[in-house]
Structures are given as C-alpha cells and as structure tokens.
Amino acid sequence: MDERQLRILRELGELGSVTAVAEALLVTPSAISQQLRLLQRSIPVPLTERQGRRLVLTDAGQALADAAVEVESALARARHAVEEFAGRPDGEVSVAAFHSAGAAFFPLLLRGLAGPGAPTVALADEDVPQEDFPRLTRAYDLVLAHRLVHAPPWPRTVTVTTLLHEPLDVAMPAGHPLAAKRRVTPRDVADLPWITVHDGFPVMATIEAIAAAAGRRLHLAHRINEFAVVAEAVAAGGGIALMPRWTMRPHPALVLRPLSGVQATRDIDVLCRPERTARKAVRTVLAELRRAARTIQGEETP
C-alpha cells in the first residue's frame, strides 16, 4: 500500500462513491478503481463491498481508512519538518576541496560566513585523482574539484558549478634565464628538469601535452602534489613546474610565465548531488564560493 491508495480509501469512506472521489481528486473513476484493486491485493480481508450501486467500506476498510488519517498526519508533519530544514538559512554545510583550492577558498568562505544566521561550514581537504571527485559528493554537501579543460566532463549524476577557468603558468626562480621572456613555449622548457604531480592527477595531462608539442619526453625530476611544497622546491633550484595563476599565493623567489602552444587551463568546479541544493544553507555557501572566486580572480576586493 502507499499514501495515495490510503487517501483514496479515506475519501471513499467520506464521499461514498468512486465517482465522487474521482471528482475530488481530479482523476478518472477507472483510475480510482485501479488503485483500490492494487490496495486490496496487499490486504487479506475485503476493504469494500457493494450496497446496491454504491461501493462502501467494510469494517476492515473503515479501520484502515481511520488509520490513513494518522498516516497522512504523520507524513504532513514529516514534510513540514523537511521543508523547515530545507528552508533554514543556518545549519551545517560540509565542503571538501583539493589543497590549492582549499588554501584559496577556505579563508574567504570562513570570513564571508562569519555573520549571525549564516551556515556553519565543516571544511575538509581531499587530494584525489580527478575521476574520484564525484564519489566525494556522497560524503560532502559541496566538493571543489579541478579538471583540465580538454578532459572528459563530469558525470551527469552530479550538478556542476564552475568557479574559475584558471591558467596554469610555468613557475621558475626569479633569476632563471627564461624569466626575462614574457611567455615561454614547450621547446623553451622541454630540456629542463620538472617538478610535477603524481600520475592520475589533472596537471599530468598538460605535462604530457608539453612533451608532445616539444617532440620529446620531459625529465620529471620530482613528484609532488602540494603546490606550496612545489613552490619551495622550485625556489631551491629543483626544477620548473606548472603552477595555478590565481589560487596560489605569490612566492617572492618565483616568477610565473604563461605557456604558449599548449592549452594549459584548469576548471575549478563545485560538484554536488542535485538534492543537496534543496537546502537554503547549501545554496548560501555556494553563492559565497562564487563571490570568493571573483575575489580570487581580482574582480572583487575581499
């Protein structure tokens, strides 16, 4: 049995005919009769009987109709509780992000939601391969993920909000010979030692594209995922690296140079399950992330 069938039984007891119930519920009499037959299949005793041309409730049917009132009341209370929860502007919202996005977005998010009545955010760092980001939406309300612009799109099971289209520049020590150039090409950088991420992480696809454009394999001297650590290794002379233009704090010993000849851009997206955005608190945090993205890109002041 389901809620709709119970309501039909209740209305039949009150209105006294299938036709009257059909008119009240704005459906056809045959649809009402079909639902009553489906309900009867799940009950071992008769629920209705004929009295002349009328279909009326048996004692068992009336008992079930009386219980239906309690069921409808309980469901109404449950819906009200859900609607109240969904409409609350406060409440906890869990947010996960990969490391460089967390470093850039988390402080702005905490400051932007510091006022009374704002949602409380529960923040977590998650450094995972690109294909694993959608799975994180099971555990978190919002997941900040990165994807190279030429990579396969996110699965349709998640809702995607793009925060930034962020260029990836070549980072090098300030005194490096290539620092004098305004832009560098794959051939400029192909013979230098590289510091890059582990296999399976988005930046590796751009490294492979640089090698293809230069026509030779790159020397991958060090494998480090955390960009803050990469920056220190570059500054110490360990090699050059791809670094995000906006989400990394400028390092005094490094310069960033745009890369020509290769599409070196990543999208920073927010992934979530569609039902999570039914909550006002989640929508509030998502709007704050959009505002933080404009600040990070320099379109707004913090």
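Phe 133 is buried, at a relative accessible area of 1% (buried is under 20%, exposed over 50% and partly exposed in between, with a 1.4 Å probe and protein chains only). The model is predicted, so local features need pLDDT of at least 70 and side-chain atom pairs count only at pLDDT 80 or more, whereas totals for chains, interfaces and linings use all residues. Residues are numbered from 1 along each chain as its sequence is written, and side-chain values use heavy atoms, with hydrogens and water left out.

A search of the whole structure returns 2 aromatic pairs; rings of Phe, Tyr and Trp (its six-membered ring) pair if their centres lie within 6.5 Å, and planes under 30 degrees apart count as stacked, over 60 as edge-to-face and the rest as tilted. Phe 98 and Phe 133 form an edge-to-face pair, because their ring centres are 6.2 Å apart and their planes stand at 70 degrees. Phe 98 sits in the loop between strand 3 (92-97) and helix 5, and Phe 133 in helix 6 (residues 133-136), so this pair ties together parts that are 35 residues apart in sequence. Helices (H or I, at least four residues) and strands (E, at least two) are DSSP runs, numbered from the N terminus. Phe 98 is also buried, at 3% relative accessibility.

What is the geometry of the rings of Phe 133 and Trp 154? Their centres are 6.2 Å apart and their planes lie at 85 degrees, so this pair is edge-to-face. Here helix 6, with Phe 133, is linked to Trp 154 in the loop between strand 5 (142-148) and strand 6 (159-173), 21 residues away. Trp 154 is buried at 11% relative accessible area.

Attention now turns to the pockets. The largest pocket holds about 330 Å³ of space (a pocket is an open set of points on a 1 Å grid over the protein atoms alone, where a 1.4 Å probe fits, with protein on both sides within 12 Å along at least five of seven lines; lining residues have an atom within 4 Å of a point). Its lining has 17 residues, with Ala 103, Ala 104, Thr 247, Met 248 and Arg 249 nearest the centre. Helix 5 gives the largest share of this lining, 7 residues.

The second largest pocket has a volume of about 220 Å³. Of its 14 lining residues, Val 18, Ser 33, Leu 36, Thr 48 and Leu 55 lie nearest the centre. Helix 3 contributes the largest share of that lining, 4 residues.

Terms used: Grid points are joined across faces, edges and corners, and a volume is the space filled by probe spheres set on the points.
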